[in-house]
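Below is a short report on one protein model. It covers strand pairing, the nonpolar core and charged side chains.

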Amino acid sequence: MKTKLLRSLLSLWAALLLSSALFLLPASAEGETITFSLRIEGITANVFYKTVTVPSDGTPTLQEALLEVEKAEEGLTFTGLDKAYITAINGIAAEGNSGWVYTVNGEQVMEAVDVCPVAAGDTVEFSFITM
């Protein structure tokens with residue numbers, strides 16, 4: 001009898017402890033956004049230049065942010081974004097010695113878009129280059 005009572009009390013104590021710990025967890029960032037500047041320079045003309053706002057639960061990667069921009073901006077498409085390596089923007093495709101490079105706040109980034117963070121106020125610029 002004492003064992004059953006002890007188990008019941010321990011279970012109740014554990015449940016109370018767990019439920020009270022939930023109140024200590026940080027609140028969800030639901031509804032939060034970040035705004036940054038996105039510029040895309042094609043072969044001979046500007047493809048896109050706008051300040052964009054995307055949902056954020058902290059600091060999204062550039063891949064996450066561009067997926068949101070692509071959904072919101074009719075006519076803007078990124079090929080390869082799902083694989084974190086952009087091979088074409090609006091049909092302007094990399095081939096041979098040409099391709100897309102990007103900078104964040106004027107600094108060239110040498111990593112895939114799935115690991116590059118983007119923060120509020122950043123300036124992201126894609127340029128099509130031929131070597």
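How many bridges join strand β6 to β8, and do they run parallel or antiparallel? Seven bridges join β6 (residues 98-104) to β8, and the two strands run antiparallel. Strands here are DSSP E runs of at least two residues, helices are H or I runs of at least four, and both are numbered from the N terminus. Two strands pair if DSSP finds at least two bridges between them.

The model is predicted: local features need pLDDT of at least 70, side-chain atom pairs count only at pLDDT 80 or more, and totals for chains, interfaces and linings use all residues. Residues are numbered from 1 along each chain as its sequence is written, and side-chain values use heavy atoms, with hydrogens and water left out.

**Strands.** Trp-100 has Phe-128 as its bridge partner in β8. Strand β8 (residues 123-130) is also joined to β1 (residues 33-41), by five bridges in parallel. There, Ser-37 is partnered by Thr-123 of β8. An open antiparallel sheet has the order β3-β4-β5. Its edges are β3 (78-79) and β5 (92-93); each has a single partner strand, so one side of each lacks a neighbour in the sheet.

**Core.** The largest nonpolar core has 28 residues. Such a core is a set of buried Ala, Val, Leu, Ile, Met, Phe, Trp, Tyr and Cys residues joined through side-chain atoms within 4.5 Å. Phe-36, Leu-38, Ile-40 and Phe-126 touch the most other members. Two or more residues each come from β1, β2 (46-55), α2 (62-72), β6 and β8.

**Charges.** A salt bridge puts a side-chain nitrogen of Lys or Arg within 4 Å of a carboxyl oxygen of Asp or Glu. By this rule there are four, including these:

| Salt bridge | N to O distance |
|---|---|
| Glu-41 and Arg-39 | 2.7 Å |
| Glu-73 and Lys-50 | 3.0 Å |
| Glu-68 and Lys-71 | 3.3 Å |

Glu-73 lies in the loop between α2 and β3 and Lys-50 in β2, so this pair ties together parts 23 residues apart in sequence. Glu-68 and Lys-71 both lie in α2, three residues apart. Buried means under 20% relative accessible area, exposed over 50%, and partly exposed in between (1.4 Å probe, protein chains only). Glu-73 is buried at 18%, whereas Lys-71 is exposed at 64%.

Asp-122, in the loop between β7 (107-108) and β8, is buried yet has no salt bridge. Arg-39, the nearest side chain of opposite charge, is 16 Å away.

Technical notes:
Lys and Arg count as positive and Asp and Glu as negative; His and the chain ends are not counted.
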